[in-house]
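Keep the picture open while you read.

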Number of protein chains: 2
Amino acid sequence: MVNYPLGTRNTQSFGHKSKPHLDTFSRRGMRLEEEINDANTYYLVNNIAVIYKKPTPITIVKVDYPHRAAAKITEAYFQKPSTTDYNGIWHGKYIDFDAKETKNKTVFPLQNIHEHQIKHLKRVIEQNGVAFFIIRFASLEETYLLPAHIIIDFINNNSKAKSIPKQQIEEAGFLIPTKLQIGLDYLAALEAWLGVD
Amino acid sequence: MVNYPLGTRNTQSFGHKSKPHLDTFSRRGMRLEEEINDANTYYLVNNIAVIYKKPTPITIVKVDYPHRAAAKITEAYFQKPSTTDYNGIWHGKYIDFDAKETKNKTVFPLQNIHEHQIKHLKRVIEQNGVAFFIIRFASLEETYLLPAHIIIDFINNNSKAKSIPKQQIEEAGFLIPTKLQIGLDYLAALEAWLGVD
């Protein structure tokens, strides 16, 4: 790792957050993202799936072109994302998901899920894609794959609810196993949901 | 459009180019990208497909957090991309492609296609995804959808070739029609290739 000068931050692992705050740098959040990226690398090199995290969308305003050096962006801003963080293909199926984390032990707060994500995942479902959330209860070290339609239905039926009970996630979701080499093997949970081809 | 100060450039529409040069700002290149983005917007709002251009991957080094203002990125660099520019879902099918342009009238120069793109599209094909290139002969105002396996096979069989004859693209590819409202209706060409569901 490079050491950054004082007053600056390493933001390489920025997720698709519309308003980057200090919270964004939460170690936990970073860890979940890194674990998913590691699993994706494992799936990729073993020809299991082709799934990537999308780059953070950015509006570039100024670029310097120093002689004999790489172009340097000197002014840019975070854009509001319109999709989820991850998509790709697995066994001919279009895969689309976002990863979320909570320290809460009994409920998952719905404020973590943004309207544009729900809208995007609804569209994916309409096109017969596979849409889900990866939800981690960090304090409990439990991570679930939850089909997106469960969240969508819950919001439709409980428009004033601020959270979804963990029990419902346990019942409708699929616990993601941790495996040597792969780490967070979320495709195993996906197989448990969809069945193996 | 915002007017940028002298000495700066608007680079919002940067594609996945590993080495941004002045060429990147070619109006023609911008136009093809914009036409594809416009088609994608049409497909999205009409529930035909969910296909996006991926953001340009960037390594962020420094971010300023001014009070009461949006976070400002003050140092960042272009990353080498590892995939293609566009992916998404259409009728349950995973779609993955890149868009290329040449002023040449008789051949398409293969230097436009990067190794990481070929590698990625091979993986997509192995997962039963739909992989292709959109190739524009700008001087002729003709744009083709060319299945990726045609390019892959051509490169395999002609390892020293620096270009693929236009005639081969005409024969193996599908001319993309321009339509009122949609613009570059590349999904019509995709239907011509795959058949309609």
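This is a predicted model: local features need pLDDT of at least 70, side-chain atom pairs count only at pLDDT 80 or more; totals for chains, interfaces and linings use all residues.

## A word to start with

Helices and strands here are DSSP runs, numbered from the N terminus, where a helix (H or I) has at least four residues and a strand (E) at least two.

## Chain A at a glance

Count up the secondary structure of chain A and you get five helices and twelve strands. The chain has 197 residues, and 48% of them are buried. Its accessible surface comes to about 10100 Å², with 48% of that belonging to carbon and sulfur atoms.

How do the contacts run along the sequence? Take the contacts in chain A between residues at least 6 apart in sequence: 59% of these join residues at least 24 apart.

## Where the two chains meet

Now bring in the second chain. On the chain B side, 50 residues are in contact with 50 residues of chain A. Together the two chains bury about 4400 Å², and carbon and sulfur atoms account for 62% of that area.

What about polar links across the interface? The rule finds zero salt bridges between chain B and chain A. It does find eleven residue pairs in polar contact there, both residues being at pLDDT 80 or more. As for which parts of chain B do the touching, β1 (50–53), β2 (58–64), β3 (72–78), β4 (86–90) and α2 (115–126) each supply at least two residues. The most comes from β3(B), with seven residues. Sort the residues on this side of chain B by type and you get 26 nonpolar, 18 polar and six charged.

Let's zoom in. T59(A) is part of strand β2 in chain A, residues 58–64. Is T59(A) buried or exposed? Its relative accessible area is 18%, so T59(A) is buried, the cut-off for that being under 20%. The side chain of T59(A) also has a partner: a polar contact of 2.9 Å joins it to the side chain of Q79(A).

For a sense of distance, pick out K179(A), which is 78 residues away from E101(A) along the chain; their C-alpha atoms are separated by 20 Å.

## Salt bridges

Over all chains, the structure holds ten salt bridges. One of them pairs K62(A) with E75(A), and their closest N and O atoms are 3.6 Å apart. K62(A) lies in strand β2 of chain A and E75(A) in strand β3 (residues 72–78), so this pair ties together parts that are 13 residues apart in sequence.

Chain B has a salt bridge between E75(B) and K62(B), with 3.6 Å between the closest N and O atoms. Here E75(B) belongs to strand β3 of chain B and K62(B) to strand β2, so the pair links parts 13 residues apart in sequence. E75(B) is buried, at 14% relative accessibility, and K62(B) is partly exposed, at 27%.

## A network around a helix

Salt bridges that share partners join E142(A), K166(A) and E170(A) into one network. Within it, E170(A) and K166(A) form a salt bridge whose closest N and O atoms are 2.5 Å apart. Where do these two sit? Both are in helix α4 of chain A (residues 166–172), four residues apart, which is about one turn of the helix.

Which of the pair is buried, and which is partly exposed? K166(A) is buried, with 7% relative accessibility, and E170(A) is partly exposed, with 38%.

## One last stop in chain B

Finish with I60(B), found in strand β2 of chain B. With a relative accessible area of 3%, I60(B) is buried. Now find Q79(B), 19 residues from I60(B) along the chain: the C-alpha atoms of I60(B) and Q79(B) are separated by 9.7 Å.

Key:
Residues are numbered from 1 along each chain as its sequence is written. Chains are lettered from A and ligands numbered from 1 in the order in which they are written. Side-chain values use heavy atoms; hydrogens and water are left out. Buried means under 20% relative accessible area, exposed over 50%, partly exposed in between (1.4 Å probe, protein chains only). Contact means heavy atoms within 4.5 Å. Accessible areas come from the Shrake-Rupley method with a 1.4 Å probe; for residues, only the protein chains shown count as cover. Buried area is the accessible area (1.4 Å probe) that two parts lose on being put together, summed over both. A salt bridge is a side-chain nitrogen of Lys or Arg within 4 Å of a carboxyl oxygen of Asp or Glu. A polar contact is a pair of N or O atoms within 3.5 Å; within protein, one must be able to donate a hydrogen and the other to accept it, and residues adjacent in sequence count only if both atoms are side-chain atoms. Ala, Val, Leu, Ile, Met, Phe, Trp, Tyr, Cys and Pro count as nonpolar, Asp, Glu, Lys and Arg as charged, and the others, Gly among them, as polar.
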